[in-house]
Amino acid sequence: MSTPTTGLRARLDARVTSARAAVRASTVGRPGWSGRTWRVLAWMAYRDWMFTRALTVWAAKHYMPVLLGLVVSASWWGILTLAEVPGDRITWPLLALLVFLSPGLALGLFAAIMPRRYRRSQHAKAVAAYWPKVAESCNLSARRPDGTVVISALRHVHHQPGAVVLRIETFSGQTPADVHRAAPAIASAYRAHGFEVTPVKPGVLDLALFTTYRIAPIIARMPVPEDANPDALPIGRSRTGHVAQMVVRGRHTLVVGATGAGKGSVLWSVVGGLAPAVHEGTVCLWGLDMKGGVELELGRRLFGKVAYSAEDAIEVLQALLRVIDRRKETMRGVSRLHVPTPADPLHVLMIDELADLMAYAPFEIRREADRLMSKILTQGRALGVVVVSCVQNPRQEAVGQRNLYPQKIALRLDSDIESDMVLGPAALQAPAHEISRTDPGTGYLVREDGAPVMVRFNYWPDDLIREVAARYAAPASHSAPEPRHGLDAVNAWAKASGRLALVEDATVANDNEPVKTGNDNEAPAPRPRRPRAPRKPRAPRAPRAPRPAPAGSTEEVQS
């Protein structure tokens, strides 16, 4: 329930906002020449105001030159007047006053010509002036044996869109970890909405203090082939207003978020951004949708193979593992990192609701899925097979391979414990549990270097997904047929890939020797056993001889 003071403040803000809108509509917002005239007058009035403000602020801070200039000019004018010197008696005293006021006049001209830069410079000076108190109160200082106090040096302050960046240099005996621990307190001291620490060089860090609390929602657009780069894929906007990019090739990504946090925005930002590359054949998409296809069926034409149940998911994982095994042979001694080509594409496995496969499926399926996922995550990165997994529950029983995902995306989470589970040490700089429920698709992207970046992923409407799937449909070569046993399976996969020569049927020299299919995952055929003759019955054992009685002992028999 709101208090009377809060309600009065809200009503006043609403009235001020409506009044400003009305004044703007009746002046600078008018159409035609009248509106242009009002805009020119407003531009001139604003520049005059900035000039007067800058000169007044300078005069208030440097009152001694102003007073001295007034005294000198007034004395000069008085002497000329009393002496009755003929000629002009005002020009030279006025010029003397202007000489004393020249720094303020230059600052006023700078403010009138570049008002935005002037405001930023003044704000940077204010931040630097407040830094010694902030550093001392946030434990970024040390007292030397001689009694002197040393604080972390603030080299300079510069502005970025939506952020103020402080370049901090540590002193002897201080580590960058001390600055990381003090970053939340520094952000609170400067009343910032968030922070981000980026190392520049040994002993020097950039602390970005964000002036905006949230990132405005963004509606995705039709992707273009120039942006479909798996090494720098545009996925949304960062808090600084720049385009946020994500590395897909060579990195497995784990996406964790509560219900309604916007995991679909992350999934389709990756799939939709790679759609032109899928159409060209350099990227092949695989999909596992444990919600029965509710999410992936809209863009089904972008995927080569999909599975909507746990049983079918095992078959897809097995087929993807066969791709990995085949690439081991082709890349051995050639390259250590796969380079996507139309003949040899980058395989991206998109998984929605990973916990349904890894934690809630029957035991045999869970065990097989854990084995296959572990092999894919440990072997597929360098071989051009990457995984993007989306899950709600970040606990160990749901995501047992959290440490195998070098890149993580934390959307809105329910508690700080879950933030620590997902992000580890980066959770201090990326409080995912503090993201508002009204900002779906907002999360922290933590790359391999451990630096978190707040990102709002693009929102993909259903109609746009269908349009992208229709325009950038995957080629037929990505729809590999179901694997079969024997040489037919090898020929089918070779024909689907479009780059391997078909395996000719080999004649079997020895009927007792099975034909090798080249499939490392297929278990070898069992060797036939020879029938054994029945065993002879074992002869009965002879009874044991009684032990001899000890010497000198007697037995008494009682009847």
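**Close-up views of a predicted model**

**View 1. The loop holding glutamate 353.** Glutamate 353 lies in the loop between β12 (346-352) and α11 (354-358); helices (H or I, at least four residues) and strands (E, at least two) are DSSP runs numbered from the N terminus. The model is predicted, with local features requiring pLDDT of at least 70 and side-chain atom pairs pLDDT 80 or more, while totals for chains, interfaces and linings use all residues. Residues are numbered from 1 along each chain as its sequence is written, and side-chain values use heavy atoms, leaving out hydrogens and water. Although glutamate 353 is not a glycine, its phi is positive, at about 60 degrees. Most residues other than glycine have a negative phi. With a relative accessible area of 15%, glutamate 353 is buried (buried means under 20%, exposed over 50%, partly exposed in between, with a 1.4 Å probe and protein chains only).

**View 2. The loop holding asparagine 139.** Asparagine 139 is found in the loop between α6 and β1 (141-143). Its phi is near 65 degrees, again a positive value in a residue other than glycine. Asparagine 139 counts as exposed because its relative accessibility is 67%.

View 3. The loop between β16 (452-457) and α14 (462-471) contains asparagine 458. This asparagine 458 has 15% relative accessibility and therefore counts as buried. Neighbours within four places in sequence set aside, asparagine 458 is in contact (heavy atoms within 4.5 Å) with Ile218, Ala220, Ile235, Gly236, Ser265 and Ser269.

**View 4. The crossing of helices α5 and α6.** The axes of α5 (residues 102-113) and α6 (residues 115-137) come within 5 Å and cross at roughly 120 degrees. The two helices are therefore oblique to each other. On the side of α5, the contact is made by Leu107, Phe110, Ala111, Ala112 and Ile113, and on that of α6 by Pro115, Arg117, Tyr118, Ser121 and Gln122. Axes are lines fitted to C-alpha atoms over the stretch in contact, with angles from 0 to 180 degrees between N-to-C directions; under 35 is roughly parallel, over 145 roughly antiparallel, 65 to 115 roughly perpendicular and the rest oblique.

**View 5. The protein chain as a whole.** The secondary structure of the protein chain consists of 15 helices and 16 strands. The protein chain has 559 residues, of which 40% count as buried. Among its contacts between residues at least 6 apart in sequence, 64% join residues at least 24 apart.
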